[in-house]
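Dear colleague,

Please read them with the structure open beside you.

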Amino acid sequence: MIASLSRIGAIVGVDFRLRFRRVSTVIVFLLLSAFAYVWIPAPSTGRALIQINGQRAINNSGAIGLGTASIGMIFVGLFGYYVISNAIRRDVITRCGVIAASTPMRSGEYLLGKFFGNLAFLATFVCGFMLSSMVMLAVRGEARLEPFVFIEQYLLLTPAAIVFVSAVAVLFESIPWLSGKFGDVVYFFLWTAVIGLVVANETSHGRINWARCFDFTGFGFMIDQLQQTLHTESVSIGASPFDPTKPPILFNGLTLTREWVLPRLISVLAPLSLLPIAALFFHRFDPVRTRRVSGKGGRNWIGKIQNLFKPLSRRAVALMMVPSRGGSFVGAMWTDAALTFTLFPFVFVAFVAITIVSFFAPLAATLPIVFAALALIVSDVATREARAGTTASVRSISRLRENYVWWKLGSTCLLSFLLCAAPLARTIWHGPLAFAALICGIVFVASTSTALGVTTANPKTFIVGFLTFWYVVVNGHGANPMLDFAGFYGRFTTATICIYAVISVLAIGFAQLFYRARLARI
C-alpha cells in the first residue's frame, strides 16, 4: 500500500511541477486573477456584482465570495478541461509513459495519479483566484474580510466541478476516439448539456429530484438557494446595472440546507465512477495502441472511415494543386490549404455536405452548423507544424520564415472560402450587406484561429474560445445585433461588420508582433 501511494504521489508531483513551470500557466493564472477586477465593478460605475430586484448587494465577503466562486466554477468546468486534457498524451509524445509502463506501476495507479494531478492543478488555480478575490474586497469592498465566509462559498460551488472535470479528462484521454479534437467538441456539448439540465430543473422548481445529484456545475444549487433565500427570481450576478434610487441590501452568501446535503455529496463522488471505465480502455502505452491514440495508426475506426474517402480526396487535391504551380507565395498558401484535404479526407466530405445542405436548407439554420464545422477544420492549420515537429524545416524557407503568420492566414482564408463557397453564392441574393457580413465572419474565424494558433501553439485555445462564443450567438437567436458576426439571423448592422473587421486586424497584428519577437530570440 505504501509503495502504491508512493508511485501515485510521484506521478502527481511530476505533473504538478511540469505544469507550473510553463510560462503559459503563469499567464493564464494572472489573467484569471486580473479578471476578478473586471468581474467586481465599483458602485460608482452604476453596476453591481450582485443585483437583486434592481437593488445593489453590498460588496461584503458573502456577495464577493459567491460572485467570484461562480466565475471560478465556470472557468474550471469549461476552460479547465482544455488546460488539463493532455496529461496522458504528453507522456505518449515524450515516451515517458513507456518508461513508466516498464515499472511495477499498475494502470490504476497511473490513472489515479493523473486524476489527482488534475485535481491538484485545478484546486490550486481556484485557491489562487479565491485569494485574489479576497484582495479585491479591500479594493472594492464595503465590509471587513470574513475568510471563512469566502471559503464556504467556494466549497459549496467548486469541488464537484473540479472532480468532474478531472475525471472526465482522464476518461476521454483513455478512450482513443475521444482523446483528440472530437473529444474536445464532445466535452463542450456535454458541459452545456449538464448546465441546461440542472438550470431547467431548478427554474421548474426541482421537478426532477435526481437531477440535483448531477449538478456538477453548482448552478442548480446556486439558483435554488438564491430563490429560497431572497424569495425572488430577479437576481443577476456579474457587473449588472442597478437602480441607484433603491437602497443597497445585505447578502450574506449561500448556506447548505438539509435537502441539498446528499445531492451535493453525490455530485462530488459520482465522477469517481468514471475512473474504472477509463482503466478498461487505457492502453498502458502499448506502441500499437498509442499510435491509434495519437492519430497515426490506420486501425482505428476514424482512420478506417477516412481511408474510404482518400481516393476521392486525392483526386480533388490533384485538381486543387494546379493553381499552386509556379512557386509563388500565393501558391504556397494554396498548397498549405490543399494539405488539409490530404491529411483529413473528412474535410472533403464536409465540403460536399456543406455545399449540398446550403442550397436546400434555410441559411439561418445552415450557417451556425457551417461555422461550427469550419472552426474545427481550420483550428489546427496554424499549429500543425509545431505539433508535427516540422517548424524548423518551414523556417529554413526564406519567404515562409519571415511571413509565417501571413502564410497561415492566407491558407486558412483560402480553405475557409472554399468550404463556404456554396453559402457565399447563396448569400449574394440577400444583398451586398449580407454578403459582406458573411465575408467578414469567415475572415474573423480565419484570423482569430491563426492568431491563437501562432501565439499558443495549441488548437484547443481557439476551439474552446470560438465554441463558447458560438454558443452565446446561437442561443441569442440574433437578439443582440452585435453578436450576429456572420449574418446568421440577419440582425447585423454596419457597425457589427466594422467591429469584427477591426478585431480581425488587431488579432493578426498581435500575432505578427508576437511571431517577430519570438523569431528574434532564435
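The second largest pocket has a volume of about 360 Å³, where a pocket is, on a 1 Å grid over the protein atoms alone, an open set of points at which a 1.4 Å probe fits, with protein on both sides within 12 Å along at least five of seven lines, and the volume is the space filled by probe spheres set on the points. This is a predicted model, in which local features need pLDDT of at least 70 and side-chain atom pairs count only at pLDDT 80 or more, while totals for chains, interfaces and linings use all residues. Residues are numbered from 1 along each chain as its sequence is written, and side-chain values use heavy atoms, with hydrogens and water left out.

At least two lining residues come from each of α3 (61-84), α9 (181-203), α10 (219-230) and β3 (235-241), helices being DSSP runs of H or I with at least four residues and strands runs of E with at least two, numbered from the N terminus. The largest share, 5 residues, is supplied by α10. By class, the lining holds 11 nonpolar, 5 polar and 1 charged residues, with Ala, Val, Leu, Ile, Met, Phe, Trp, Tyr, Cys and Pro counted as nonpolar, Asp, Glu, Lys and Arg as charged, and the others, Gly among them, as polar.

Turning to the helices, α8 and α12 (residues 274-281) pack at an angle of about 15°, with their axes 8 Å apart; axes are lines fitted to C-alpha atoms over the stretch in contact, and angles run from 0 to 180 degrees between N-to-C directions. They are therefore roughly parallel, a term for angles under 35 degrees. The contact (heavy atoms within 4.5 Å) joins A167, V168, V170, L171 and S174 of α8 to L274, L275, I277, A278 and F281 of α12, and comprises 9 nonpolar, 1 polar and no charged residues.

Helix α4 (residues 87-94) packs against α8 (residues 159-174) at about 40°, again with axes 8 Å apart. Here A87, I88 and R89 of α4 meet V170, E173 and S174 of α8, giving 3 nonpolar, 1 polar and 2 charged residues.

Best wishes

How values were computed: 1 Å grid on protein atoms, 1.4 Å probe; cavity = no way out; pocket = protein on both sides within 12 Å on 5 of 7 lines; lining within 4 Å. Parallel < 35°, antiparallel > 145°, perpendicular 65-115°, else oblique.
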